[in-house]
Amino acid sequence: MNYKLLNNILGWTVWAIASAVYLLTMEPTSSFWDCGEFIATAYNLEVGHPPGAPLFMLIGRFFTMFTSAENAALAINTLSALSSSFTILFLFWSITAIVKKLALKSGELTQAKIIAIMGSALVGSLAYMFSDSFWFSAVEGEVYAMSSLFTAVVFWAILKWDAVSGESHSTRWMVLIAYLMGLSIGVHLLNLLAIPAMVFLFYFKTKELNFKNFFIAGFYSVLILGVVQFGIIPGTYKIGSIFELLFVNSFGLPFHSGLLFYVIVLIALVSYALYYTQKKGKVLLNTILLCFSVILIGYSTYAVIMTRSAANPPMDENNPENVFSLISYLNREQYGSAPFLTGQFFNTPLDASEPYKAGKPVYYQNKQTGKYEITNKGEKNEPNYDSKTSGFMPRMWSSQGHHVEAYKQWSNYKGKNVKASNGETIKIPTFGENLAFLFNYQWGHLYWRYFMWNFVGRQNDIQSQGEFINGSWLSGIDAIDSARLGDQSLITTLAKNNHGRNVYFFLPLILGIIGLIYQFIKDPKDWLMLGLLFFFTGMAINFYTNPPPLQPRERDYAYVGSFYVFAIWIAVGVYALYEIMSKKMPQVISAVAVTVVSLLAAPVLMGTQNWDDHDRSNRYTARDFAKNYLNSCAPNAILFTNGDNDTFPLWYVQEVEGYRTDVRVVNLSLLNTDWYIEQMRRKAWISDGIPQLLPEYKIRQGTNDYLPIFDRGIAGHVDVKEAIEFVMDDSPKSKVGLSSGKQVDFFPTKNFSLKVDKQKVIANGTVSADRADRVLDKLDWTIEKNYIMKNDLIILDILAANNWERPIYFAITTGNEAYIGLTPYFQLEGLAYRLVPYKAQSYDGQTGEVNAEIMYDNLVNKFVWGGMEKGNIYMDENNRRMCMNFRNNFARLAEEYHRLGKPEKAKEVLDHCVKVMPEQVVEYNYFMIAIAESYYKLKDYKKGNEIVKSLINQYDEELRFFNSLKGDKRRSVQTEMDRSKYILQQLIIMSSERYKESGLATEMADKFQQINESISTQSPF
């Protein structure tokens, strides 16, 4: 049997299977979260969020060159699918290399052994192919699929080096590995986490495995990882910045001259060093220099970031067009940092004697003077925490209120009293409580829960913040699951039918544990290598990044490197079973039987369970919802958004598909940065820049990031233009001193007004003729806080400069704080509120006046529904959550038509709502109560009853399950129980009392009695 030929044939067969699966199930357009941004950056070679992905951009651009703009997302998703299938290919070959090495320990390869090796590789690679987290990234346009490919190729190359080490040409594999590492930096830094495993393999090739050598190898691995991640990556440009500052500020030369000189010198020095070491026969030094050189060559893709940023594309995050802003970009300074081994706790006060310290200088490229200027010179603006109440291993460090509460819950916080430097006694978390948070949340909730999803099973697709009813792991073994998660025979029909409910009965996990133990016994050195890769690509990520609780989304995609290793152990487990069974039956039969049974127990089971919640084919929701946001706006509008999912998809449809580029999307989270404000001032596509009065120097980073409000007792409301002019004034009267001694701008009032040009707002269509008599002379409002952040300042500046020229909208998902008190003048027109020059008349108690005519045109005629209306696509929790806003808008519009005496319109709206978001695609929830009541008001009792009965059954089942719980589980769902009871009561009252004509009075009375009896007979203990 030709081992090499079979290895190649089966490897490419697995690749073909993986390619087919991923291409069949991938999303045909952009997805939510970062995908829209990545697709746009690739299509137009723009600059995305830090630290960027230039190699992904370049390869993605190549893929999109052969498609139309409408199919660009499909091309990028295809890139992810093929990256993932090639990952599976290299995983297969890596497994055969590892298992073959194990097989040779017991003698020469036989036919049975070859079958067992190939069978184990098939099981391991296909199990990983169908694993939950890896499949998720394989079918969308994100960087994680390509990052996984680099990890797979690097690991395969490590094994190839291991196979030929000692031979004359083995060094070339090391150089290839270094080059791949350098390239991978241009995709994602996760690939660097393979370095420790690689170092251990290299070191123990010639060393005995003992504790001394283990710690020596550990030291070298961490050192090399640190040199690459903290030395080569930022350090290369850091040294360049010294030359740049010298050449520009001291020598008066043009921008970038110092950096260019540095690059030339660096190339010359490295080239000479390579020549010298080669000539002198210094092999080790020459190899190190070669590896350093190819890392830099691979890493040089970041020149694309600077080059494209200098062209000022519409998307130019952080504006890294010079070496100083590029360093900030690479270091992800925009996101701040968490303490690692030492630092502050969540309640550590600032140092009493010096509360603030000077931070790193922030350089601004002043194109007028041709110099780099320090914008924070002499300023002390970085918190200086009290050292006495800081500590070691500060896992609980974020002072945000919701984080603090979660810290206490996860760690069972009691604290210990420590006296601060100011003499005040502070109760800080103990070392044990910090460890409890590490083990319970950062490792337990944010790693091991995801691990169990992939190899044991998953409860549902609903994000969990720690509650046991959502997002937990699930085995499919009733006794185990019921003990952990409540009686599974009593869960709701909705929970049973959740697409994300996948069970593997521990089978993949058991195979992996068998493999782990077997390899530890047979080959402890290789086991250690895999163990390190498993740890560094899993738990070590959270140990280093120190994430706070209440993450905005599930993060399982970040740990797929760790799951990759476990898939190898699954394969080793298959071979271990072969060795056991071969002693009890003929070896060939044993190899075939173990392979077939293992294929059924792991990949086949995982594939059948996971297909329905990983099949995104025919789903266009992210793209269509983005179009709906833009279509909610009048032409040439300014639309304020806030989060990832009301921004990135909009960027995609504008930047790639060229859709509604007249609307200027302004993200309020980014509006706190000077580079983003500068970009918003520039024209993008056919949209003019935002109107502003503030000069550039008033919005530089470190200037007016935060403006206090000191009420000077001004009567009435101050015109917003006068308020902005007050901030623009540089005289002492417009300044106030802070405790740090710094003089800053401030606002003398919380009360603002905006003048209205009545003729203009009627002439330009801001106000329709039927509302002309409601137009006010000015809008008066109050900001209910004692400070104004930079993004609030820019909103006020836009209002002052706009003078009602361009329509201004706020996305309904931005939240009340973003509205800065303007809600009395909001008009709901779709997925956005329009600022209007009259008092809003809201008849349902919600934000904004419903403009029925515009809302109807948007919801019924213009909005598109992403394939939901066909009734056969999978909607994950994020998509389903977005639909709540749509259903609420439909309900509000129907209610408005009912108020206006237009029942036909109301019914049309309700019917359209049910049609485009059918229950089988987006399950009904409490947002449908208003829809049902509107049907009742229209005397369409049949349709109203259908909704009410569905909701009654759903919440009745939910309440019965909650009532079956005991002890802590029962107490933990008390809020959900109360909600279910309240909803049931409202449904029963509505259908049996307010609308007795529904015909449900008797049925609902019986149901109410049953519910009360059920509650009263169940003990919570």
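In the hairpin formed by strands S21 and S22, three residues lie between the strands, and glycine 830 there adopts a positive phi near 160 degrees. The model is predicted, with local features requiring pLDDT of at least 70 and side-chain atom pairs counted only at pLDDT 80 or more, while totals for chains, interfaces and linings use all residues. Residues are numbered from 1 along each chain as its sequence is written, and side-chain values use heavy atoms, leaving out hydrogens and water.

Strand S22 (residues 832–835) has two antiparallel neighbours (strands pair if DSSP finds at least two bridges between them). Strand S21 (residues 826–828) is joined to S22 by three bridges, with phenylalanine 826 opposite leucine 835. Strand S20 (residues 808–811) is likewise joined to S22 by three bridges, and here alanine 811 stands opposite alanine 832. Within S22, Ala832 and Arg834 point one way, whereas Tyr833 and Leu835 point the other way; all are buried. Buried denotes under 20% relative accessible area, exposed over 50%, and partly exposed in between, with a 1.4 Å probe and protein chains only.

Turning to the helices, H25 (residues 648–655) is largely enclosed by the rest of the structure, because eight of its eight residues are buried. These residues are Phe648, Pro649, Leu650, Trp651, Tyr652, Val653, Gln654 and Glu655. Their cover includes helices H2 (35–44), H4 (72–103), H24 (621–631) and H26 (674–681), together with strands S11 (638–641) and S12 (664–667); contact here means heavy atoms within 4.5 Å.

Helix H10 (residues 211–250) holds valine 227, which counts as partly exposed because its relative accessibility is 42%.

Across the chain, the secondary structure comprises 37 helices and 23 strands, defined as DSSP runs (H or I, at least four residues; E, at least two) numbered from the N terminus. Of its 1021 residues, 57% count as buried. Among contacts between residues at least 6 apart in sequence, 74% join residues at least 24 apart. The C-alpha atoms fill a box of roughly 95 × 85 × 65 Å along the principal axes.
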